[in-house]
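I opened my notebook today to look up a few things in this model, one at a time. Here is what I wanted to know and what I found.

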Amino acid sequence: MTEATHVVVGFGNLVAELDRHLTGARLLVLEEPEIIEARGVAERVAALPSAVGLVPAPTQSEEDEDLTALVKGVPRPDGVRAVIPVNEYAVVAAAALAEAWGLPGADVTAARAFRDKARLRAAVADTGIGQPDWRLVTGPAEVEEFRARHGGACVIKPANRQASLGVSLLSPGDPVEAAWRSAVDVDETLTRTGRVPTGRYLAEQRLYGPEVSVEALVHDGRIVFENITAKTVQSGANPVELGQGVPAALPGPVTEALAAGVRGLVRGTGFRSGVLHAEWILVDGRDPHLVECAARLPGDNIPHLIGLAYGASLFSAYAAVLEGHVPDLPGRPVRGAAIRFLTAPPGIVREVAGRDETMRLPGAHEVEIDVAPGDRIDAVTSSWQRSGQVTATAGDGPAAVARAEELAARIRITTERSPS
């Protein structure tokens with residue numbers, strides 16, 4: 001343990017990215033015992049060239065007494081330079097370890113705010129950030145009461161989950177009960193333990209407009225890098241993201257308003273060092289309103305897209321910030337990069353075709369298909385249920401988005417309705 005240079009809190013696909021991008025690093029991974037068992041984490045960590053160990057630890061704990069036990073139970077490695085959270089449920093534990101070991105980090109109070117959507121909304125209420133009307137709710141009756149004040153439309157979401165899990169968009173006349181059950185009954189057996197705080201639920205005013213995210217690196221309370229990502233979101237009741245494009249092409253005033261919003265997030269929460277991934281709806285196409293914000297690297301391959309667009313590693317830059325350095329990142333992108341996720345009608349997969357010829361086309365960077373004949377595909381209600389992805393590059397962000405859409409349309413996933 002004493003030879004570790006970076007302590008990685010939680011386990012996920014980003015650990016392998018850190019392994020690839022952090023030259024000379026020695027990674028010590030901390031994870032919940034039951035997650036280690038359920039996901040075969042020991043074998044996966046052992047396969048990483050830079051990994052020096054795996055320690056069972058309460059990485060999803062967020063209460064003071066649990067964090068104290070975590071700090072006492074994990075000795076500080078002699079050569080440690082940074083503590084890096086790699087998934088949503090490890091953000092608070094990573095902040096606690098960094099604080100105890102005298103290393104840069106989010107700050108525990110700030111980390112707690114970013115782990116709970118209601119707490120975050122309250123924390124930034126006086127910063128000038130645009131937000132929808134919202135309230136905590138405990139059941140369908142309170143949702144009905146709230147939506148009645150907003151023309152019958154609203155959003156229901158868990159306060160402390162990930163990957164669009166349990167989020168429903170209600171239009172006037174839509175039944176509340178099924179949406180409420182979707183929020184409450186989310187199953188995350190392989191990624192979440194009982195240590196995560198008891199679920200809380202929000203009803204929010206439904207806003208309309210294009211969606212974007214801002215990825216910001218923060219060094220000692222100062223933003224040192226920002227990128228804006230354009231999003232394609234599934235229509236209907238479940239707003240799962242189907243595409244990302246870097247960089248977004250926005251008018252100057254909108255870009256400036258988003259930058260001011262991220263500064264407000266840092267100021268309102270007291271966030272110190274790390275990365276923020278803030279999602280916004282541009283009401284009327286120009287007025288940013290905060291959807292939510294995470295204090296960890298984004299998913300959906302956005303760090304990879306940023307790397308392709310800017311010609312530099314966001315993973316390395318993130319580690320540098322958590323080591324206490326200002327990273328050397330270009331201020332402007334050199335190209336555009338985009339990802340389009342694949343979906344297919346629910347049913348049993350009968351045929352998958354088009355991958356090899358698509359990869360040979362101009363602009364194609366990667367094609368990944370996650371389903372095969374015989375697999376069952378369900379309706380897409382969360383990010384976990386997409387069927388694959390196509391990544392493309394082009395001269396700028398909008399051109400890359402268009403190219404990714406064209407390439408994705410060439411992938412054919414044929415399904416057949418399963419017998420009822």
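Which residue forms a salt bridge with E144? I looked it up in this model, which is a predicted one, and the partner is R147. The closest N and O atoms of the two are 3.4 Å apart.

**Entry 1: the pair in helix 8**

I checked where E144 and R147 sit, and both belong to helix 8 (residues 140-148), three residues apart, so about one helical turn separates them. That spacing is a friendly one for a pair: an α-helix has 3.6 residues a turn, so residues three or four places apart point the same way. I then looked up accessibility. E144 is partly exposed, at a relative accessible area of 38%. R147 is buried, because its relative accessible area is 6%, and the cut-off for buried is under 20%.

**Entry 2: pairs across the chain**

Next I asked for the total: how many salt bridges does the count come to? I got 22 salt bridges.

I picked out R121 and E204, whose closest N and O atoms are 2.9 Å apart in their salt bridge. This pair links distant parts of the chain, with R121 in helix 7 (residues 117-123) and E204 in strand 8 (residues 201-204), 83 residues apart. Buried or exposed, I wondered, are R121 and E204? Both are buried.

Then I turned to E292, which forms a salt bridge with K157, their closest N and O atoms lying 3.9 Å apart. E292 lies in strand 13 (residues 287-294) and K157 in strand 6 (residues 154-158), so this pair ties together parts 135 residues apart in sequence. E292 counts as partly exposed, at 25% relative accessibility, whereas K157 counts as buried at 3%.

I also noted a network of salt bridges that links E62, E88, R115 and R296.

**Entry 3: helix 5**

Why do I call helix 5 largely enclosed by the rest of the structure? Helix 5 covers residues 91-100, and eight of its 10 residues are buried, so that description holds. I wrote the buried ones down: V91, V92, A93, A94, A95, A96, L97 and A98.

What covers these buried residues? I found that the cover includes strand 1 (6-9), strand 2 (27-31), helix 4 (64-73), strand 4 (82-85) and helix 6 (108-115). After helix 5 comes G102, and its phi is positive, near 70°.

I took a further look at A98, which is found in helix 5. A98 is buried, with a relative accessible area of 1%. Leaving out residues up to four places away in sequence, A98 touches V83, L103, P104 and G105. I also took the C-alpha to C-alpha distance from A98 to I84, and it is 8.7 Å, for residues 14 apart in sequence.

**Entry 4: the second largest pocket**

Last, I went looking for open space. Rolling a probe the size of a water molecule over the atoms shows where empty space is left.

The second largest pocket has a volume of about 300 Å³. I counted 14 residues in its lining, and E226, I228, P247, T255 and Y310 are the ones nearest its centre. Which elements give two or more residues to this lining? They are strand 10 (222-233) and helix 10 (252-269). By residue type, the lining of the second largest pocket divides into nine nonpolar, three polar and two charged.

Technical notes:
Residues are numbered from 1 along each chain as its sequence is written. This is a predicted model: local features need pLDDT of at least 70, side-chain atom pairs count only at pLDDT 80 or more; totals for chains, interfaces and linings use all residues. Side-chain values use heavy atoms; hydrogens and water are left out. A salt bridge is a side-chain nitrogen of Lys or Arg within 4 Å of a carboxyl oxygen of Asp or Glu. Helices (H or I, at least four residues) and strands (E, at least two) are DSSP runs, numbered from the N terminus. Buried means under 20% relative accessible area, exposed over 50%, partly exposed in between (1.4 Å probe, protein chains only). On a 1 Å grid over the protein atoms alone, a cavity is a set of points where a 1.4 Å probe fits but cannot get out, and a pocket is an open set with protein on both sides within 12 Å along at least five of seven lines; lining residues have an atom within 4 Å of a point. Grid points are joined across faces, edges and corners, and a volume is the space filled by probe spheres set on the points. Ala, Val, Leu, Ile, Met, Phe, Trp, Tyr, Cys and Pro count as nonpolar, Asp, Glu, Lys and Arg as charged, and the others, Gly among them, as polar. Contact means heavy atoms within 4.5 Å.
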